[in-house]
Number of protein chains: 2
Amino acid sequence: MKFKYHNPVRLVFSAGALSRLGEFASQYGQRALLVTGGGSVKRNGTFDRALKSLIDAGIPVFACEGVEPNPRITSVKRGAATARENACDLVIALGGGSVMDAAKVIAAAVLYDGDPWDMIIHGQPEPHIPAQALPLITVPTLAATGSEMNCGAVISNEATQEKSFVSTECLYPKVALLDPELTVSVPKDQTAYGVCDLITHITESYFNGTGDTPIQDRFAESVILTAMEYGPKAIANGSDLNARSQVQWAATVALNGWVQSGAGGVGYPVHMIEHTVSAFHDITHAAGLAIINPAWMRFAAKTSTPKFTQFAERIFGLAAKGSGDLDCALAGIDCFEAFLKSIGCPVRFSDLGIDDRLVETYAKETLRIIHDENGLLPARPPMTEADIVGVLRAAL
Amino acid sequence: MKFKYHNPVRLVFSAGALSRLGEFASQYGQRALLVTGGGSVKRNGTFDRALKSLIDAGIPVFACEGVEPNPRITSVKRGAATARENACDLVIALGGGSVMDAAKVIAAAVLYDGDPWDMIIHGQPEPHIPAQALPLITVPTLAATGSEMNCGAVISNEATQEKSFVSTECLYPKVALLDPELTVSVPKDQTAYGVCDLITHITESYFNGTGDTPIQDRFAESVILTAMEYGPKAIANGSDLNARSQVQWAATVALNGWVQSGAGGVGYPVHMIEHTVSAFHDITHAAGLAIINPAWMRFAAKTSTPKFTQFAERIFGLAAKGSGDLDCALAGIDCFEAFLKSIGCPVRFSDLGIDDRLVETYAKETLRIIHDENGLLPARPPMTEADIVGVLRAAL
C-alpha cells in the first residue's frame with residue numbers, strides 16, 4: 001500500500017442540524033451565496049429554514065437557484081457572477097450532488113478570471129486546476145453522491161455535449177452539515193438512485209483496486225451491505241428516519257476517502273462511460289450507472305475473477321468453488337443486477353429509450369476525455385474502445 | 001446517530017516514507033524538537049535516517065530522548081524545556097505510542113506557562129485543556145496505539161501514581177508519516193501487544209456504543225478480522241512487509257475516528273481500568289488490556305448480549321440461537337481470549353505477578369479519575385466500584 005489521505009471537512013451529523021447553518025456559516029464568511037436546485041427545497045420549506053438560520057446569524061444571502069441535474073457550466077458562471085456582484089465571501093450548497101458540485105466550482109470560479117470550463121478536465125492540454133476557492137458549506141438534501149465530504153465535482157457543458165470532472169484540495173467544503181431529516185421527503189425513485197449511486201462509488205474502487213487491501217475491501221463491503229439493507233427500507237417508508245440516516249451515512253463514507261484510501265484504484269470506468277452517455281442524453285446519473293455497472297462487471301469479472309468471487313460470497317452469501325470460480329462471480333453480478341431492479345432502477349438502455357446508434361461515439365468520446373499513456377480507459381483491466389463498445393452493447 | 005467528526009491530519013503511507021521527513025517538516029517549522037524513546041531507533045538506524053532527512057532539509061534538530069513506556073509528565077516537562085531553550089517551532093515524534101503521546105503534550109506545554117500536568121484530566125476540578133500547540137509530525141515505529149492520527153494522549157505521573165489522558169483539537173498532528181518498514185524490527189512480543197492494543201480500541205467503541213450503527217459495526221469488525229489475520233503473520237515473520245503494512249493500517253484506523261464516528265461510545269472502561277493498574281505497576285499497556293478486556297467482556301455480555309452474539313458470529317463464525325444467546329456470546333469471548341493467548345499476550349494478572357491486594361484501590365482510583373453524574377464509570381452498562389472489583393477479580 002502506498003497512498004496519501006487528507007480530508008479536512010468538519011462533519012456535523014444530526015437530525016435537525018439545518019437550524020445550525022447560520023452558526024457555522026458565521027465562522028467562515030459574512031455574505032453568502034446560497035446555491036439550490038430545481039425548487040423542491042422551496043416547496044418543502046427547507047430553503048426558508050436555511051434562510052432563517054442564516055439571517056438570524058446576521059448573514060445576508062444571495063441566491064443562485066435552479067441548478068439543474070447534470071449541472072451545467074452556464075449555471076456555474078451565473079452563480080459566480082452573482083457571488084461577485086454581491087461580494088459574497090462564502091458559498092452554501094443546499095441540495096443534491098448537482099447543487100453541491102456546482103457550488104464547488106462556483107466557489108473556485110469566483111476567484112478565477114478565465115472561463116470556468118478551463119477548470120474541468122475535458123481533454124484540453126492544460127486544464128486550469130484551481131488552487132483557491134471561497135469557503136464552502138454543504139447541506140445535502142439527498143443521500144447519493146457523497147459530494148458533501150469530498151473535493152470532487154462533475155460539470156456538464158451543454159454547448160459541447162461534454163460532462164467531466166475536477167478534483168482538487170481547495171474544493172473541500174469547510175463544513176458538511178448532514179441532517180437526515182432533509183432526506184425524508186426524497187421520492188422513492190430518487191432514493192433508489194441515491195442507493196445505486198453510492199454503491200457504484202464503492203464498486204468502482206473495490207473492483208479497480210490493487211488487491212492486498214483487506215481493510216479497504218471489508219470497509220467497502222460494509223457500506224454495500226448497509227446500503228442494501230437500509231436502502232429498501234428508506235424506499236419503502238420515506239419517513240423511516242433511521243433508514244434515512246444509515247443511507248445518508250453510507251453515501252458520505254462511500255466517497256470521502258475512507259474506503260478508497262490505499263485501495264489503489266486505477267480508474268472509475270463506469271462513471272467515465274456514464275458521463276459520456278448522459279452528456280448526450282441528460283439521463284439521471286445513477287440510472288446510467290445502474291445500466292452500465294453490471295455490464296462492466298461482467299466484462300471485468302473475466303480478468304478479476306477472485307475479487308468478483310469475493311463479492312459474490314461476502315455480499316450475497318454465495319458459495320464459490322475457489323477464488324477463480326467465474327460462475328460464482330457471474331452469479332454474484334446477477335444478484336447485484338436483480339437488487340438494482342428490485343429497488344426500481346433501470347438495468348438496460350432500452351428502459352430509458354436509448355438505442356445502439358451512438359455506442360461507438362460514446363466510446364470514442366469517453367476515451368477522448370480520459371485515457372492512459374496507451375490510449376486506454378484507466379480501469380482494471382484497462383479498456384480499449386472495442387471493450388467499451390462491448391460493455392455498452394451488452395447493456396442495450 | 002448524532003455526531004461530529006473532524007480529523008485534519010495529512011496521512012502519508014508508504015514503505016520508505018521516512019526519507020521524506022525533512023520535506024514535510026520544512027512545511028511546518030524551522031527548528032525541530034525530535035522526541036524519541038528508549039533507544040531502539042538509535043540501534044536500528046532509524047534515528048540517523050530521520051536526522052539526515054531533517055538536516056538535508058536545513059532543519060536544526062534538538063533531541064528529547066528516553067521517553068519511557070507509560071510516558072511520564074517529567075519527560076513532557078523536560079521536552080518542553082528543551083524546545084523552549086532552543087526556540088523549536090516544530091515537534092517530531094519518532095517512536096511508539098508513548099513517544100507520540102509525550103510529543104503531543106510537549107507541543108502544547110511549550111506554549112503553556114503552568115504545570116503541564118494541569119492539561120491531563122486526572123480528577124482536578126478544572127483541567128487546563130490546551131487550545132494551542134506547536135505543529136507536530138508523527139512517525140510511528142510501532143503499529144499499536146493509533147496516536148499518529150488522533151488528538152489524544154495518555155500521560156503518567158509517577159509522583160502521584162496517576163495515569164490519565166487529554167484529547168483536544170490542537171493536538172492533532174499536522175502530518176502522520178507511516179512507513180511500515182520502520183515496524184519490521186519490532187520484536188514478537190511488542191508486535192503482539194500492538195495487535196491487542198488496536199483490537200481493544202475497536203472493542204471499546206463496539207461494545208460501548210448506542211446500537212443501530214451498522215456501518216460502524218462492520219467497520220469495527222473489518223479491523224478486528226484484518227488484525228487477527230495479519231497480526232499472527234507479522235508476529236511469525238517480522239519481515240513480512242505486507243503483514244506489517246496491514247497491521248499498521250489497522251492500528252491507525254482503529255483510533256482515527258473512522259470506526260468510532262457516530263457509534264456513540266459512552267466510555268473506554270477497559271482503558272480506564274488499565275490506566276489505573278499500570279499507574280501502580282508500570283506494566284505494558286496492552287498487556288493490561290489483554291488481561292482486563294476479556295474479563296470486562298464477560299461482565300458486559302450479560303446486558304449487551306445481542307452485540308456480543310454478533311461479535312461471536314461475525315468474528316468467529318459461531319452459530320447463535322438468536323441475538324440473546326448468552327452462551328454463544330460467552331463462547332465468542334472465549335475464542336477472543338484464546339486468540340490473545342495464542343499470540344503471546346498474558347490473560348491473567350497472575351501472568352504478570354500481580355495479586356489481589358490492591359483491587360479495591362484500583363477500582364476506587366479509576367472512579368476518582370473518571371465518573372459520570374451518578375458516580376459510575378462511563379460504560380455500557382455503567383460500572384459501580386463493585387463491578388470494577390468483580391472484573392478485576394475475574395482476571396486474577
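Biologist: How many residues does helix α12 of chain A have, and how far does the helix reach from its first C-alpha to its last?
Modeller: This is a predicted model. In it, α12 of chain A covers residues 326-342, so to speak 17 residues, and reaches 24 Å, close to the 24 Å expected at 1.5 Å a residue.

Biologist: Which residues of α12(A) are buried?
Modeller: They are Cys328(A), Ala329(A), Gly332(A), Ile333(A), Phe336(A), Glu337(A), Phe339(A) and Leu340(A).

Biologist: And why would residues three or four places apart point the same way?
Modeller: Because an α-helix has 3.6 residues a turn.

Biologist: What covers the buried residues of α12(A)?
Modeller: The cover includes α6 (188-207), α7 (214-236), α10 (285-300) and α11 (305-316) of chain A. After α12(A) comes Gly344(A), with a positive phi near 100°.

Biologist: Switching to the two chains: how many residues are in contact?
Modeller: On chain B there are 30, in contact with 30 residues of chain A. β1 (3-13), α7 (214-236) and α8 (241-253) of chain B each supply at least two residues of that side. By class, the side has 16 nonpolar, eight polar and six charged residues.

Biologist: In what sense do the β1 strands of chains A and B pair?
Modeller: Antiparallel, over seven bridges. Asn7(A) stands opposite Asn7(B) there.

How values were computed:
Residues numbered from 1 in each chain as written. Chains lettered and ligands numbered in written order. Predicted model: local features only at pLDDT ≥ 70, side-chain atom pairs only at ≥ 80, totals over all residues. Contact = placed C-beta atoms within 7 Å. Helix = DSSP H or I, 4+ residues; strand = E, 2+ residues; numbered from the N terminus. Nonpolar A, V, L, I, M, F, W, Y, C, P; charged D, E, K, R; others polar. Pairing = 2+ DSSP bridges. Expected span 1.5 Å × (residues − 1). Buried ≥ 20, exposed ≤ 12 C-beta atoms within 10 Å, placed from the backbone.
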